[in-house]
Each structure stands twice: as structure tokens, then as C-alpha cells.
Amino acid sequence: MRKIKEDIQLQYFERNWLFTLVFLTITAFFAYMVYKSYVEVSPMTIIYGVPLLIFFFLTLWLILNPYAIIYEDKFEMKRSVLSNKYWYFIDIKSVSEVNGKGFKIIYNDDDEEMISLFGIKPSHKKAFRDAINHYVCKSLVIERADDE
């Protein structure tokens, strides 16, 4: 029987409450419109019902899932239902400082990628970058020890 290694979460970072509140407001608006058209027995109920279902499940997903999760060997960012990306620490050489939009990741082959932090709690931006930098430095130390 094959054993599956389970990833253990070391840290997680929450979403901005204002970002989630916007989605809650949109969901509440469509819920009100569905209720209002349902009471009046209007065919608009189905027209408002479809976006209500979409925004309801999206809002529920945003509330239940953190923005980013750090594991032992990688980190994952869940910006939306459709974007779920992993970065492995062993591929990263360094991490730049946080600016207005986010921070840059520099890979071992000197490619750069801008990581946008739109939607994360403002108080977690620097802590998220520092945690990533900590695990990147840790993986670099382990990699150098393996080379020797």
C-alpha cells in the first residue's frame, strides 16, 4: 500500500476583511433582489438567481479559505477560485522588500516574478514576505549543505 505524504500547514495569512465585505455586499444585494422579485412573482427571479448563486459560492470560498498558506517546502496563494498557485522554496534565490503592489521573487536562473498582494490583510503583507524569506534562506542553507 502506498503512503501519501500529507503537507502540514506552518503558517497561513488571512484576506483583507474589506475585500471580503465587498463580496458579501454584492451577495446581499442579489439576495435582496431575488427575494423582492420572488415575492412579486416576477420572471426576474431567475435572472437575479444565477449571479446570486455565483457570488454566494465565491463569497463562501473567500471566507473559508485563507489568502496564502506556507508549508515546509512551498507556499500556496489562493487569490480566487480560479487562481491557485504553488511556489517551491528550492526554486527561489531571493525575495525583495514589499512595495505598494507586492514583492518580487528572484528564481535561481535570475528570472523575476512580481507577486501581487491584492486582497491580503495589510498587517500580514510584511509578515508574509518575511516568512517566505525565512523559508527561502532555510532551503538555501540545506541546499548548500547537500552540495558539500
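1. Helix α1 covers residues 17–39, and its end C-alpha atoms are 32 Å apart; this agrees with the 33 Å that 23 residues should span at 1.5 Å a residue (the expected span is 1.5 Å times one less than the number of residues). Helices are DSSP runs of H or I with at least four residues, strands are E runs of at least two, and both are numbered from the N terminus.

2. The model is predicted: local features need pLDDT of at least 70, side-chain atom pairs count only at pLDDT 80 or more, and totals for chains, interfaces and linings use all residues. Residues are numbered from 1 along each chain as its sequence is written, and side-chain values use heavy atoms, with hydrogens and water left out.

3. Just after α1, valine 41 has a positive phi of about 50°.

4. The buried residues of α1 include Phe19, Phe23, Phe30 and Met33 (buried: under 20% relative accessible area, 1.4 Å probe, protein chains only). Helix α2 (44–64) is part of what covers the buried residues of α1.

5. Strands β5 (residues 92–95) and β6 run antiparallel and are joined by 3 bridges (strands pair if DSSP finds at least two bridges between them). Isoleucine 92 has tyrosine 107 in β6 as its bridge partner. The hairpin from β5 to β6 passes through 6 residues.

6. Phenylalanine 103 lies in β6 (residues 102–107) and counts as buried because its relative accessibility is 1%. Beyond its neighbours within four places in sequence, phenylalanine 103 contacts residues including Val95, Met114, Ile115, Phe128 and Ile132 (contact: heavy atoms within 4.5 Å).

Notes:
Buried means under 20% relative accessible area, exposed over 50%, partly exposed in between (1.4 Å probe, protein chains only).
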